[in-house]
Amino acid sequence: MENGEPTQSSFDVDLADKIRVLPGASPTACSFQIEKEDHTLGNALRFFIMKNPDVEFCGYTIPHPSETKMHLRIQTWEDTGTTAFEALRKGCDDLIDFCEATSFTFTEALEEFEAEQEEQ
């Protein structure tokens, strides 16, 4: 982190083993199956993907509670040229940036609190 700003994480998850494209995909409308994830990631990822103005729709489901699979559907506006894959990548990047900023802010506040406690 430089100047208190979060930077792009050097940790890059290999998503090939985790994400599968479901049948019936087109460049602007695609359903993904994400292994070993649930509502925690689904709701956060849906939120960040929907903030993208090129995205027409994004939703997720957990097909069955006994299976550790999440289905994520993304549709982009056809006239923007943005694909569903690009929208997914941007959503993941935005979520990572948010988590890094939150972690940085929390750590900074914790250090400040601990310093105040030592002074007392």
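Guide: Welcome! Please keep in mind that this is a predicted model.

Visitor: Why is Thr76 called buried?

Guide: Buried means under 20% relative accessible area. Thr76 has 2% relative accessibility, so Thr76 counts as buried. This residue is found in strand 4. Leaving aside neighbours within four places in sequence, Thr76 is in contact with several residues, including Asp54, Glu56, Ala84 and Ala87.

Visitor: Which residues of helix 2 are buried?

Guide: They are Ala84, Ala87, Leu88, Gly91, Cys92, Leu95 and Glu100. These buried residues pack against helix 1 and against strands 1, 2, 3 and 4.

Visitor: How do you know what span to expect for helix 2?

Guide: Helix 2 covers residues 84–119, which makes 36 residues. At 1.5 Å a residue, 52 Å is expected. From the first C-alpha to the last, helix 2 reaches 53 Å, close to that value.

Visitor: What makes strand 1 and strand 3 edge strands?

Guide: The open sheet has four strands in the order 1-2-4-3, with antiparallel pairing. Strand 1 and strand 3 each have a single partner strand, so one side of each is left without a neighbour in the sheet. On average, neighbouring strands here are turned by 20° against each other, direction ignored.

Visitor: How do you know that strand 1 and strand 2 pair?

Guide: Pairing takes at least two bridges between the strands. Three bridges join strand 1 to strand 2, so they pass that test. The two strands run antiparallel, and Val21 stands opposite Phe32 in strand 2.

Visitor: Why is the contact of Lys18 with Glu37 called a salt bridge?

Guide: The nitrogen of the Lys must lie within 4 Å of a carboxyl oxygen of the Glu. For Lys18 and Glu37 the closest N and O atoms are 3.0 Å apart, so the pair qualifies. Lys18 lies in the segment before strand 1 and Glu37 in the loop between strand 2 and helix 1, so the pair ties together parts that are 19 residues apart in sequence.

Visitor: How many salt bridges are there in the whole structure?

Guide: A search finds three. One of them joins Lys90 to Asp94, with the closest N and O atoms 2.8 Å apart. Lys90 and Asp94 are four residues apart in helix 2, so about one helical turn separates them.

Note on methods: Residues numbered from 1 in each chain as written. Predicted model: local features only at pLDDT ≥ 70, side-chain atom pairs only at ≥ 80, totals over all residues. Heavy atoms only, no water. Expected span 1.5 Å × (residues − 1). Buried < 20%, exposed > 50% of the residue type's maximum accessible area, 1.4 Å probe, protein only. Contact = heavy atoms within 4.5 Å. Axes fitted to C-alpha atoms, helices over the stretch in contact; angles between N-to-C directions. Salt bridge = Lys/Arg side-chain N within 4 Å of Asp/Glu carboxyl O.
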